[in-house]
Amino acid sequence: MEKTFNRMAGAVARATGRPSAFALCLTSVLIWAATGPVFHYSETWQLIINTGTTIITFLMVFLIQNTQNRDGAAIQAKLDELIRSGLGKNDFIGIEHLTEREVEEFRSACERAKTANAEKAEKAEKA
């Protein structure tokens, strides 16, 4: 079921991200707006667009979130592999699972290292 959902979510994300999907939605709204006088701008006429857009938005939130989660996980796995296979410290692998405070500690350590390296380079330049 998960693979089926992932395939469907990917297909919907690709389809809805195309200019033709936007054109279809725009056309639908224009047709709806043009029919306003015919239906005397009734509550039912308003309910049609409100219900339609609410349902579509509700479903798209889950599809977009699924796609972003998979993309983020794939990028993170690639970055982890680059770190693991490189000469750098492996301390950063899995950092995305830490708390915000722990990640901030890593960022602060990196900033301190950057400042220290810049000072060393400046001293070496002067010497």
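Trainee: What radius of gyration does the protein chain have, and what would a compact globule of 127 residues have?

Mentor: The radius of gyration is taken here over C-alpha atoms, and the globule rule is 2.2 Å times the number of residues to the power 0.38. A compact globule of 127 residues would come out near 14 Å, but the protein chain has 25 Å. Along its principal axes, the C-alpha trace spans about 85 × 40 × 30 Å. Keep in mind that this is a predicted model, in which local features need pLDDT of at least 70 and side-chain atom pairs count only at pLDDT 80 or more, while totals for chains, interfaces and linings use all residues. Residues are numbered from 1 along each chain as its sequence is written, and side-chain values use heavy atoms, with hydrogens and water left out.

Trainee: How many helices and strands does the protein chain have?

Mentor: Helices (H or I, at least four residues) and strands (E, at least two) are DSSP runs, numbered from the N terminus. The protein chain has 4 helices and 0 strands, so that its elements run α-α-α-α from the N terminus on.

Trainee: How does one check the span of a helix, and what is the distance between the end C-alpha atoms of helix 3?

Mentor: The expected span is 1.5 Å times one less than the number of residues. Helix 3 has 43 residues (residues 43–85) and should therefore span 63 Å, which agrees with the 62 Å between its end C-alpha atoms.

Trainee: Which residues of helix 3 are buried, and against what do they pack?

Mentor: Buried means under 20% relative accessible area, exposed over 50%, and partly exposed in between, with a 1.4 Å probe and protein chains only. In helix 3 the buried residues are W45, I49, M60, L63, N66, T67 and D80, and the buried residues of this helix pack against helix 1 (2–16) and helix 2 (19–34). As background, an α-helix has 3.6 residues a turn, so residues three or four places apart point the same way. Q65, which also lies in helix 3, counts as partly exposed because its relative accessibility is 40%. The C-alpha atoms of Q65 and A9 are separated by 9.5 Å, although the two residues are 56 apart along the chain. For the protein chain as a whole, buried residues make up 12% of the 127 residues.

Trainee: Where is G36 placed, and is G36 buried or exposed?

Mentor: G36 sits in the loop between helix 2 and helix 3, and G36 counts as buried because its relative accessible area is 0%. Contact means heavy atoms within 4.5 Å; leaving aside its neighbours within four places in sequence, G36 is in contact with Y41 and W45.

Trainee: Which phi values do H40 and Y41 have?

Mentor: H40 has a positive phi of about 55 degrees although it is not a glycine, and Y41 has a positive phi of about 50 degrees, again without being a glycine. H40 counts as exposed because its relative accessibility is 68%, whereas Y41 is partly exposed, with a relative accessible area of 46%.
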